[in-house]
Amino acid sequence: MLTSRQGIAARGAEELRDELTAAGVAVTVAACDVADRDAVAAVLADIPAERPLTAVLHAAGVARHTELSELDIDELADVMRGKTLGARWLDELTAE
């Protein structure tokens, strides 16, 4: 299961899916904002029982390239949202 806010429309998603599929990996690409707990829960609920979740890799990216010292608190919160909330929701929702 590969997720991003844009799903298969994300830059490079189709190529990555095709590369993994060619290597024998069953791949699903889903659109999901990991900062949204309900969206994460929905993606996890869609994982088929015959291919259960066995690991989670959270590698939240960000399109903003600004020095930390140049961000105000609201900008910093926006940048950190997907990283911190995503990690929290994934930890919480996969605890079992």
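Modeller: Start with angles: under 35 degrees counts as roughly parallel, over 145 as roughly antiparallel, 65 to 115 as roughly perpendicular, and the rest as oblique. The model is predicted, with local features needing pLDDT of at least 70 and side-chain atom pairs counting only at pLDDT 80 or more, while totals for chains, interfaces and linings use all residues. Residues are numbered from 1 along each chain as its sequence is written, and side-chain values use heavy atoms, without hydrogens or water.

Biologist: How many helices and strands does the protein have?

Modeller: There are 3 helices and 2 strands. From the N terminus on, the order is β-α-β-α-α. The C-alpha atoms fill a box of roughly 45 × 30 × 15 Å along the principal axes.

Biologist: What makes α2 and α3 oblique to each other?

Modeller: Their axes come within 10 Å and cross at roughly 45°. Each axis is a line fitted to C-alpha atoms, for helices over the stretch in contact, and angles run from 0 to 180 degrees between N-to-C directions. α2 and α3 are therefore called oblique.

Biologist: Which hand does the crossing of α2 and α3 have?

Modeller: α2 passes α3 in a right-handed crossing. That word applies if the near helix is turned clockwise from the far one by less than a right angle, and left-handed if anticlockwise.

Biologist: Which residues make the contact between α2 and α3?

Modeller: α2 gives Arg 37, Val 40, Ala 41 and Leu 44, and α3 gives Trp 89, Leu 90, Glu 92 and Leu 93. Contact means heavy atoms within 4.5 Å.

Biologist: How many residues of this contact are nonpolar, polar or charged?

Modeller: The contact of α2 with α3 has 6 nonpolar, no polar and 2 charged residues. Ala, Val, Leu, Ile, Met, Phe, Trp, Tyr, Cys and Pro count as nonpolar, Asp, Glu, Lys and Arg as charged, and the others, Gly among them, as polar.

Key:
Helix = DSSP H or I, 4+ residues; strand = E, 2+ residues; numbered from the N terminus.
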